[in-house]
Amino acid sequence: MSGRLARAAAQAQLGGAISRVLAAGDGATAGARRTGQSWPAGGRNAEACGPDADWRRIAVVWAVAERRGIALGGLLDAARADLAVRVSFRRRAESGLAGARSTATILAALPVVGVGFGHLMGAAPLAVLTGGGAGGFLLVAGVLLDCAGLVWAERIMSGTAR
């Protein structure tokens with residue numbers, strides 16, 4: 001029973017989202033509604049739906065239903081189920097990567113903390129790093145390596161989330 005209610009709620013949300021998009025659409029959408037067309041010609045291709053992959057999937061399902069004469073309800077149910085699985089995967093991947101993201105942030109902040117501790121101990125690390133010579137080289141190398149580490153970690157995590 002609760003599974004049916006959850007499916008009905010998800011279908012209602014999807015139907016409401018589609019209705020909002022069609023209601024708030026451009027002039028072509030409004031014209032299509034007035035003339036009885038099911039979808040404006042500009043919206044039948046997936047590219048017309050913008051960069052959001054979820055809406056492109058719905059546009060493709062809609063176009064397949066029109067071209068093949070298949071009932072739209074069954075196709076939208078399949079698209080909804082597919083989108084729900086994809087959203088669930090994205091959420092699990094993001095939550096699984098939260099630890100890695102916080103670790104990368106902590107590792108990126110460690111050099112700043114080290115400079116702070118060095119200053120508290122009286123070692124004057126800022127004077128060494130900004131005084132020229134080897135200190136200047138170490139400052140530039142450290143900043144470049146820190147930035148490279150952040151970019152590398154983000155690239156690894158963004159590839160995993162896909």
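Modeller: Among the contacts in the chain with a separation of 6 or more, 46% join residues 24 or more positions apart. Please keep in mind that this is a predicted model. The chain holds seven helices and zero strands, and 20% of its 162 residues are buried.

Let's settle on α4, which covers residues 72-96. Its 25 residues should span 36 Å at 1.5 Å a residue, and because its end C-alpha atoms lie 35 Å apart, the two values agree.

Now look at what α4 hides. Its buried residues are L76, A79, R80, L83 and A93. L76, A79 and L83 also belong to the largest nonpolar core, together with I58 and V61. Both α3 (53-68) and α4 supply at least two residues of this core, with α4 giving the largest share, three residues. As a general background, nonpolar side chains in soluble globular proteins tend to be buried together.

Where do the two helices meet? On the α4 side the residues are E94, S95 and G96, and on the α5 side they are A98, G99 and R101. Sorted by class, this contact has one nonpolar, three polar and two charged residues.

Key. Residues numbered from 1 in each chain as written. Predicted model: local features only at pLDDT ≥ 70, side-chain atom pairs only at ≥ 80, totals over all residues. Heavy atoms only, no water. Core = buried A, V, L, I, M, F, W, Y, C linked by side-chain atoms within 4.5 Å. Buried < 20%, exposed > 50% of the residue type's maximum accessible area, 1.4 Å probe, protein only. Helix = DSSP H or I, 4+ residues; strand = E, 2+ residues; numbered from the N terminus. Contact = heavy atoms within 4.5 Å. Nonpolar A, V, L, I, M, F, W, Y, C, P; charged D, E, K, R; others polar. Expected span 1.5 Å × (residues − 1).
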